[in-house]
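Biologist: Thanks for sitting down with me over this one. Shall we walk through it together, one question at a time?

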Amino acid sequence: MTNTAAKERASDEKDVKNPMHIKRASTEKLREIFGKYATQQINGEPYMTSADFVRSFLGQSYNEESIKLIAGIADTSKDGLISFAEFQAFEGLLCTPDALYKTAFQLFDRNGNGSVTYSEFVDVFKKTDLHAKIPFKLDGPFIQLYFGKDRQRVINYVEFSQFLHDFHEECAMEAFRLKDTSGSGFISALDFQDIMVNVKKHLLTSEVRDNLIAVTEGHRVSFPYFMAFNSLLNNMELIKRIYLNATSGNRAEPITKDELLHSAQTMSQITPLEIDILFQLTGVIHQSGRIVYNDLSNIAPEHYIKNITHRLAEIKAVESPADRSFLIQMLESTYRFTLGSVAGAVGATAVYPIDLVKTRMQNQRTGSFIGEVAYRNSWDCCKKVIRHEGFLGLYRGLVPQLMGVAPEKAIKLTVNDFAGGSQVIFTNPLEIVKIRLQVAGEIAGGAKVRALSVVRELGLFGLYKGARACLLRDVPFSAIYFPMYAHTKAAFADEEGYNHPLTLLAAGAIAGIPAASLVTPADVIKTRLQVVARSGQTTYSGVMDAARKIMAEEGPRAFWKGTVARVFRSSPQFGVTLVTYELLQRMLYVDFGGSRPAGSDVAKAKVDVARVNPDHIGGYQAALPMLNGIETKFGLSLPRFGAPAAVKRQTS
């Protein structure tokens with residue numbers, strides 16, 4: 001293997017393990033996109049202006065002063081124009097692990113010399129909303145510790161990263177000192193609420209914001225409580241790890257304060273006061289003495305770049321669960337049914353040749369009749385189908401399968417608690433048609449069998465032949481599959497409870513192995529009941545009759561015919577179906593006020609992800625989350641206009 005190939009393989013393996021890793025965009029594609037937005041030409045070379053970059057390309061509504069600051073992040077030459085080389089360089093920076101800190105550093109590095117001076121920091125800080133809300137002492141002892149007593153010292157990138165972190169905490173203490181006019185070490189509950197809402201709002205979810213007074217019970221707030229409260233919200237990701245350590249990875253297990261405190265002592269320096277505040281918060285919100293993982297997710301601050309997801313649509317059908325009417329619930333069922341139908345069709349098509357082979361293997365009799373065994377094994381069956389019926393022979397009966405798989409998978413995915421029984425009503429007629437078409441090609445020179453002729457021959461009641469066996473197969477399948485899928489999916493989720501598409505695919509496929517294999521006997525009986533017995537073959541009058549005759553004539557091994565083909569069909573089919581279904585929910589998300597799809601939650605950033613520009617490729621997928629992160633992680637919001645600027649994209 002060449003060094004280049006080895007690097008590419010290592011890169012691909014890293015992408016699989018780390019879904020947050022962003023691949024660089026190609027130079028050709030970046031140049032094409034750059035040309036769409038660049039409105040300036042100098043010596044025949046295109047350049048972006050600050051407005052081209054911030055308003056047109058990034059689509060942000062910052063005011064004029066903020067536009068210059070934001071564009072200056074990419075404009076490393078600081079000449080007011082962004083060349084393609086600078087545009088590409090910033091795309092590469094956004095792909096780095098510490099992109100947030102580097103982006104913030106370049107925002108403050110106004111002259112582009114690789115360091116930040118006191119005057120550069122002050123110049124940018126005075127333009128932020130934070131400065132307008134808290135008159136921070138820019139000549140105080142904290143600033144002197146970093147920039148020196150005469151404020152002439154310059155700080156490099158790594159030092160500036162630490163400065164930003166410490167400055168974030170210093171702002172909180174400064175705000176407390178301003179409210180504590182008497183120097184008692186206490187502020188009122190209303191002052192506490194005022195600081196949190198106006199200075200630390202980036203740490204607040206709606207649940208925390210609405211309960212700031214309730215959590216203090218209206219009492220005065222001490223400085224230790226104030227610092228612990230902010231430290232808790234800053235360290236919610238660590239708290240989640242502590243919870244998972246205490247529950248051995250189980251996100252649904254309720255734990256007590258003592259259990260969480262014990263886990264915290266073994267892992268970190270989370271203090272008992274912070275644990276007390278955590279349980280006070282969850283207590284006023286949920287009135288429970290125990291917490292589960294979801295409680296932590298509800299109060300954790302927004303994650304600025306967690307799993308960048310492009311959504312084709314995101315619709316909020318209701319403002320709150322209380323607004324869910326019967327019509328909304330019906331629309332939600334229709335929405336999930338439609339997505340389930342599409343996902344089922346994709347999964348069925350992907351593995352249909354295996355399904356055909358499985359059916360023919362199960363229908364193959366191994367009794368005493370000469371010439372009964374047409375196929376030695378599944379691979380032999382596949383080769384003979386292609387040889388005698390052509391490649392399309394592997395897809396014989398696909399149309400009724402797709403017609404049947406829509407209600408089958410849609411019902412399974414929409415109401416999987418009862419799916420095993422309810423789906424048979426819709427799918428058995430189409431299943432029997434599919435099976436008869438699948439085995440029709442076995443008879444050389446036989447009359448061509450069409451779906452409509454099968455329906456006419458069977459009649460209404462005949463279409464439900466084998467329905468009992470279908471129930472015996474599908475009810476246990478659903479009972480095994482969905483609980484195992486839920487547990488496997490949860491086990492593969494990351495610390496945020498998020499599932500990467502590859503883990504969804506793996507969970508769906510793994511859950512299908514025991515579910516598909518253990519119900520094979522019922523599937524064999526169903527197949528034998530639904531096919532047309534050829535001359536000399538045994539016929540069956542029902543489930544029990546079929547079971548007795550198969551056992552007597554072929555032995556117990558006959559009940560497991562096609563098991564391998566069934567597993568190789570059902571396992572990947574459900575993997576593809578489930579990953580398609582969940583990705584469709586993410587891309588075409590409609591909030592009906594019910595429960596969100598587990599494992600697919602994406603932190604709602606201030607950026608409207610439903611309107612992400614398709615030209616934001618490679619590192620630029622992270623551009624808006626990074627700008628949002630400067631605000632949410634460091635509290636450094638830059639002024640915007642009141643409404644989004646209506647700027648049309650410039651095309652070359």
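**The EF-hand spans and their surroundings**

Modeller: Happy to. Over residues 96-131 the chain is 58% helix and 0% strand, with the end C-alpha atoms 30 Å apart. Keep in mind that this is a predicted model.

Biologist: Which annotation does UniProt list for residues 96-131 and 167-202?

Modeller: The UniProt record, an unreviewed entry, gives one label to residues 96-131 and 167-202. Such annotations may be inferred rather than shown by experiment. The label in the record is "domain: EF-hand".

Biologist: And how far apart are the end C-alpha atoms of residues 167-202?

Modeller: That span is 64% helix and 6% strand. Its end C-alpha atoms lie at a distance of 15 Å.

Biologist: How many of the 10 residues of helix H6 are buried?

Modeller: Helix H6 covers residues 99-108 and is mostly covered. Among its buried residues are Leu100, Phe105, Leu107 and Phe108. What covers them includes H5, H10 and helix H29 (623-634). The number of buried residues in H6 is eight.

Biologist: Is Val199 buried or exposed?

Modeller: Val199 sits in the loop between helix H11 (189-198) and helix H12 (206-209). Beyond its neighbours within four places in sequence, Val199 touches Leu130 and Asp194. Its relative accessible area is 10%, and the cut-off for burial is under 20%, so Val199 counts as buried.

Biologist: What is the C-alpha to C-alpha distance between Val199 and Gly635?

Modeller: In sequence, Val199 and Gly635 are 436 residues apart. In space, C-alpha to C-alpha, the distance is 7.5 Å.

**Aromatic pairs and a buried serine**

Biologist: How many aromatic pairs does the count come to?

Modeller: Ring centres have to lie within 6.5 Å for a pair to be counted. By this rule the count of aromatic pairs is 44.

Biologist: What is the geometry of the pair formed by Phe53 and Phe90?

Modeller: The ring centres of Phe53 and Phe90 are 6.2 Å apart. Phe53 lies in helix H3 and Phe90 in helix H5 (residues 84-93), so the pair ties together parts 37 residues apart in sequence. Phe53 is buried at 1% relative accessibility, and Phe90 is buried at 7%. With the planes at 65°, and over 60 degrees being the cut-off, the geometry is edge-to-face.

Biologist: Which helices does the pair of Phe142 and Phe167 tie together?

Modeller: This aromatic pair is tilted, with 6.3 Å centre to centre and 35° between the planes. Phe142 is buried at 11%, and Phe167 is buried at 1%. Phe142 and Phe167 belong to parts 25 residues apart in sequence, and the helices tied together are H9 (residues 141-147) and H10 (residues 157-179).

Biologist: Which helix is the place of Ser50?

Modeller: Ser50 counts as buried, at 18% relative accessibility. Leaving aside neighbours within four places in sequence, its contacts include Ile67, Lys68, Ala71 and Gly80. The helix that holds Ser50 is H3 (residues 50-57).

Biologist: How are H19 and H20 oriented to each other?

Modeller: Helix H19 (residues 326-363) and helix H20 (residues 378-389) have axes 9 Å apart. Leu356, Val357, Arg360 and Met361 in H19 meet Ser378, Cys381, Cys382, Val385 and Glu389 in H20. By class, that contact has six nonpolar, one polar and two charged residues. The packing angle is about 110°, so H19 and H20 are roughly perpendicular.

Key
Residues numbered from 1 in each chain as written. Predicted model: local features only at pLDDT ≥ 70, side-chain atom pairs only at ≥ 80, totals over all residues. Heavy atoms only, no water. Helix = DSSP H or I, 4+ residues; strand = E, 2+ residues; numbered from the N terminus. Buried < 20%, exposed > 50% of the residue type's maximum accessible area, 1.4 Å probe, protein only. Contact = heavy atoms within 4.5 Å. Axes fitted to C-alpha atoms, helices over the stretch in contact; angles between N-to-C directions. Parallel < 35°, antiparallel > 145°, perpendicular 65-115°, else oblique. Nonpolar A, V, L, I, M, F, W, Y, C, P; charged D, E, K, R; others polar. Phe/Tyr/Trp six-rings, centres within 6.5 Å; stacked < 30°, edge-to-face > 60°.
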